[in-house]
Amino acid sequence: MSFARVRALVVVGVLAVAAIVFVVVALFRDTQRNTANGSDCPAGAPLADMRLPDDPAEITVKVFNGTNRAGLADQVTTEFKNRRFTVQDPGKSKTKFNGVAEVRFGPDAAGKAQLIRAYFLAQSKMVYNAKRKGDVIDIVIGDQFQQLATTTEVNQSLVEVGEPTLPPGACVKPVEATKDPE
């Protein structure tokens, strides 16, 4: 074996050992190791479902009109229904909202609210309530609302906003394993 070949094997060996050491150190010093399973979750903290849904039909929304424009909640509800969301009857907000939209959700809808946020191009105000039960998302349409985003715009917005962020004081709800239907 030539000297160049021996030298190459030594360099590859050293790089392999360095890579193994790096991986082992990264795994054992990982500060987020137990956050996915909620093992370090304080007692009584709400468990937030952080999964993004595969199908809009998995999301139930109730739209409220927070403006003086008549019929706006009906119009937006119809638009969500046409995009295959599950909708409840629209309502009138008790207070006016000056922004684009206000998205109200609880721990059971934290991941789903991220998708709703994308339909407003991340310009909606996100309002989390840890005591809220159920996975219905309330949307208050504001004065600055123009229209819901198109499918392409939603996809681009999802890329920009990234993964759903864990609401303050909540822990990640453990994901139940699904069985493959065979």
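**View 1. The whole protein chain of the predicted model.** The radius of gyration is taken over C-alpha atoms, and the globule rule used for comparison is 2.2 Å times the number of residues to the power 0.38. In this predicted model, the protein chain has a radius of gyration of 23 Å, whereas a compact globule of 182 residues would have one near 16 Å. Taken along the principal axes, the box filled by the C-alpha atoms of the protein chain is roughly 85 × 40 × 40 Å. The protein chain contains four helices and eight strands, and their order, read along the sequence, is α-β-β-α-β-β-β-α-β-β-α-β. Of the 182 residues, 33% are buried, and the chain exposes about 11,900 Å², of which carbon and sulfur atoms supply 55%. When contacts between residues at least 6 apart in sequence are considered, 79% of them join residues at least 24 apart.

**View 2. A nonpolar patch on the surface.** Ile20, Phe22, Val23, Val24, Leu27 and Phe28 together form a nonpolar patch with about 660 Å² of accessible area. One of these residues, valine 23, belongs to helix H1, which spans residues 3–28. Valine 23 has a relative accessible area of 45% and is therefore classed as partly exposed, because that class lies between the limits of 20% for buried and 50% for exposed.

**View 3. The annotated region, residues 58–145.** An unreviewed UniProt entry carries the annotation "domain: LytR/CpsA/Psr regulator C-terminal" for residues 58–145.

**View 4. Helix H3 and its surroundings.** Helix H3 covers residues 110–119, and it is largely enclosed by the rest of the structure because nine of its ten residues are buried. The buried residues of H3 are Ala110, Gly111, Lys112, Ala113, Gln114, Leu115, Ile116, Ala118 and Tyr119. After H3 comes leucine 121, which has a positive phi, near 55 degrees.

View 5. Valine 161 is found in helix H4, which is made up of residues 151–161. With a relative accessible area of 22%, valine 161 is partly exposed, since a residue counts as buried only under 20%. If neighbours within four places in sequence are left aside, the contacts of valine 161 are with Gln114, Arg117 and Ala122. Aspartate 143, by comparison, is 18 residues away from valine 161 in sequence, and the C-alpha atoms of the two residues are 23 Å apart in space.

How values were computed: Residues are numbered from 1 along each chain as its sequence is written. This is a predicted model: local features need pLDDT of at least 70, side-chain atom pairs count only at pLDDT 80 or more; totals for chains, interfaces and linings use all residues. Side-chain values use heavy atoms; hydrogens and water are left out. Patches are made of residues with over 30% relative accessible area and no salt bridge: like charges are joined within 9 Å, nonpolar side chains (Val, Leu, Ile, Met, Phe, Trp, Tyr) within 5 Å. Accessible areas come from the Shrake-Rupley method with a 1.4 Å probe; for residues, only the protein chains shown count as cover. A salt bridge is a side-chain nitrogen of Lys or Arg within 4 Å of a carboxyl oxygen of Asp or Glu. Helices (H or I, at least four residues) and strands (E, at least two) are DSSP runs, numbered from the N terminus. Buried means under 20% relative accessible area, exposed over 50%, partly exposed in between (1.4 Å probe, protein chains only). Contact means heavy atoms within 4.5 Å. UniProt positions are given in the numbering used here, feature names are shortened, and annotations may be inferred rather than shown by experiment.
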